[in-house]
Amino acid sequence: MGSKKRRRRREERPTIHPKNKYSENPPDFALLASLYPSFEPFVFYSRDGRPRIDWTDFNATRELTRVLLLHDHGLNWWIPDGQLCPTVPNRSNYIHWIEDLLSSNIIPTTSRNGDKVKGFDIGTGANCIYPLLGASLLGWSFVGSDMTDVALEWAEKNVKSNPHISELIEIRKVDNSESTPSIQESLTGKSVQDESNMDMSGHMDEEAEPSSSSSFNLPAGAQSSYHGPPVLVGVVRDGEQFDFCICNPPFFESMEEAGLNPKTSCGGTPEEMVCSGGERAFITRIIEDSVALKQTFRWYTSMVGRKSNLKFLISKLRKVGVTIVKTTEFVQGQTCRWGLAWSFVPPARKIISPHVAEKKNLSFMLEGVQRQFSALDVLQSIETFFSASGASCKLNASSFTVNVRFHCWISHGV
């Protein structure tokens with residue numbers, strides 16, 4: 001019985017995003033080799049006749065990325081030796097997940113940049129993959145930040161090599177001449193107001209718990225966990241507004257740790273791969289900066305390499321008064337990563353009622369209910385909501401129920 005359950009769980013693991021170009025048609029190495037002579041030397045055939053490449057060969061993975069971006073996305077692209085080489089299907093998954101977040105009704109839609117979506121890529125790298133994919137697939141505009149001369153030079157080259165989207169992407173240099181300011185300095189002494197929200201609309205949501213204090217107090221040792229260039233605070237300019245930030249953080253604490261996976265070779269410099277404290281410290285810094293910037297971004301997001309870190313980071317977010325936390329899993333081949341997103345935008349208040357027409361006794365969940373409201377306040381809000389929708393309502397405080405009679409059924413999307 002136990003083995004059957006384990007098998008079922010394995011079969012139900014998340015797969016490639018359905019909007020991903022490669023969800024139904026994975027890259028055809030044989031076809032690409034026939035169309036692009038530069039890729040042909042890297043393709044060989046296994047005993048079962050399937051075309052393959054050597055994933056431990058950086059030149060092979062780089063050439064695959066180049067031809068996929070050209071063949072499937074119409075993008076000209078290259079990076080010098082040693083720079084981090086992204087996998088196109090995996091990075092596309094992240095882009096499409098953000099697309100889902102932006103199109104959902106979890107938080108209200110704003111017209112901060114008109115109808116145009118604007119993103120911020122933290123550490124865009126020489127590959128500049130997220131701005132290139134976001135601009136080419138969805139017409140989004142981007143600011144991509146980085147600090148090394150090589151990364152800035154090649155990111156600019158990759159943008160300028162694609163004039164059809166070059167006006168959508170700005171490459172911004174991060175000033176690394178001074179140490180990054182503390183979060184207390186960033187907040188200029190102002191306390192962070194406590195906000196709470198319940199989001200139970202899907203299995204990948206996390207309830208955002210309010211902090212016990214209205215101010216953001218860093219745990220002991222947090223100040224010394226990240227000593228690097230500015231991440232968001234000090235890079236985002238006054239008055240700028242973004243729909244989201246996106247980040248492929250430095251996952252590791254050392255290059256030795258980064259080289260422990262013998263099955264792949266994606267390159268990567270110490271600046272791209274390594275951070276004191278690893279991804280946990282780096283993403284914690286994004287969280288700290290988000291507390292200072294609040295609704296400058298509709299969504300703050302980051303990729304996470306270890307599930308244990310995901311749990312740690314969610315616990316951090318619960319303490320700082322975010323209104324919602326969302327997570328997902330990115331699966332590409334044998335590689336598994338997680339996506340973490342959060343927001344300070346007050347959520348759209350809505351009632352979730354699956355299979356409304358089939359039930360006489362209806363159970364539902366509320367979002368956006370603040371802790372200071374009593375149970376009676378909640379009941380009265382429910383009565384008001386249904387009455388405004390044209391239903392007949394009768395509140396019974398003694399039995400803690402609201403009798404609702406609908407004159408017509410209205411379906412609310414989740």
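Author: pLDDT is the predictor's confidence in each residue, from 0 to 100. This is a predicted model, in which local features need pLDDT of at least 70, side-chain atom pairs count only at pLDDT 80 or more, and totals for chains, interfaces and linings use all residues. Residues are numbered from 1 along each chain as its sequence is written, and side-chain values use heavy atoms, leaving out hydrogens and water.

Reader: What pLDDT does the protein average?

Author: Of the residues, 65% score at least 70. The protein's average pLDDT is 77.

Reader: How many contacts beyond four places in sequence does the model have for residues 407-414?

Author: Contact means heavy atoms within 4.5 Å. In residues 407-414, pLDDT stays under 50. Residues 181-224 also stay under 50, with 99 contacts beyond four places in sequence. For residues 407-414, the number is 12.

Reader: How many helices and strands does the protein have?

Author: Both come from DSSP runs, numbered from the N terminus: helices are H or I with at least four residues, strands are E with at least two. The protein has 12 helices and 15 strands.

Reader: What share of the 414 residues is buried?

Author: Buried means under 20% relative accessible area, exposed over 50%, and partly exposed in between, with a 1.4 Å probe and protein chains only. Of the 414 residues, the buried share is 47%.

Reader: Which residues does the UniProt annotation "binding site" cover?

Author: The annotation comes from an unreviewed entry. UniProt positions are in the numbering used here, feature names are shortened, and annotations may be inferred rather than shown by experiment.

Reader: Is Asp146 buried or exposed?

Author: Asp146 is found in strand 5 (residues 141-146). Its contacts beyond four places in sequence include Gly123, Arg172 and Lys173. At 13% relative accessibility, Asp146 counts as buried.

Reader: Which backbone nitrogen does the side chain of Asp146 reach?

Author: A polar contact is a pair of N or O atoms within 3.5 Å; within protein, one must be able to donate a hydrogen and the other to accept it, and residues adjacent in sequence count only if both atoms are side-chain atoms. At 2.7 Å, the side chain of Asp146 reaches the backbone nitrogen of Gly125.

Reader: How far apart in space are Asp175 and Asp146, C-alpha to C-alpha?

Author: Asp175 sits in the loop between strand 6 (169-173) and helix 7 (183-186). Asp175 is exposed, at 51% relative accessible area. In sequence, Asp175 and Asp146 are 29 residues apart. In space, C-alpha to C-alpha, the distance is 8.9 Å.

Reader: Is Arg91 buried or exposed?

Author: Arg91 lies in helix 4. Beyond four places in sequence, Arg91 touches Asn248, Leu84 and Tyr130, among others. With a relative accessible area of 9%, Arg91 is buried.

Reader: Where does Asn248 lie?

Author: At 16% relative accessibility, Asn248 counts as buried. Among its contacts beyond four places in sequence are Ile122 and Met303. Asn248 lies in the loop between strand 8 (242-247) and helix 8 (255-258).

Reader: How many aromatic pairs are there?

Author: Rings of Phe, Tyr and Trp (its six-membered ring) pair if their centres lie within 6.5 Å; planes under 30 degrees apart count as stacked, over 60 as edge-to-face and the rest as tilted. By this rule, the number of aromatic pairs is 15.

Reader: What kind of pair do the rings of Trp97 and Phe330 make?

Author: Their centres are 5.8 Å apart and the planes stand at 80 degrees, so the pair is edge-to-face. Trp97 is in helix 4 (residues 88-103) and Phe330 in strand 10 (residues 324-332), 233 residues apart, which links distant parts of the chain. Trp97 and Phe330 are buried. The pair is edge-to-face.

Reader: Which residues form one aromatic cluster?

Author: Phe297 and Tyr300 make a tilted pair, 5.0 Å centre to centre and 45 degrees between the planes. Both are buried. The cluster is Phe120, Phe242, Phe297, Tyr300, Trp342 and Phe344.

Reader: What is the phi of Cys128?

Author: Most residues other than glycine have a negative phi. Cys128 is not a glycine, yet its phi is positive. Cys128 is found in the loop between strand 4 (118-122) and helix 5 (129-138). Its phi is about 50 degrees.
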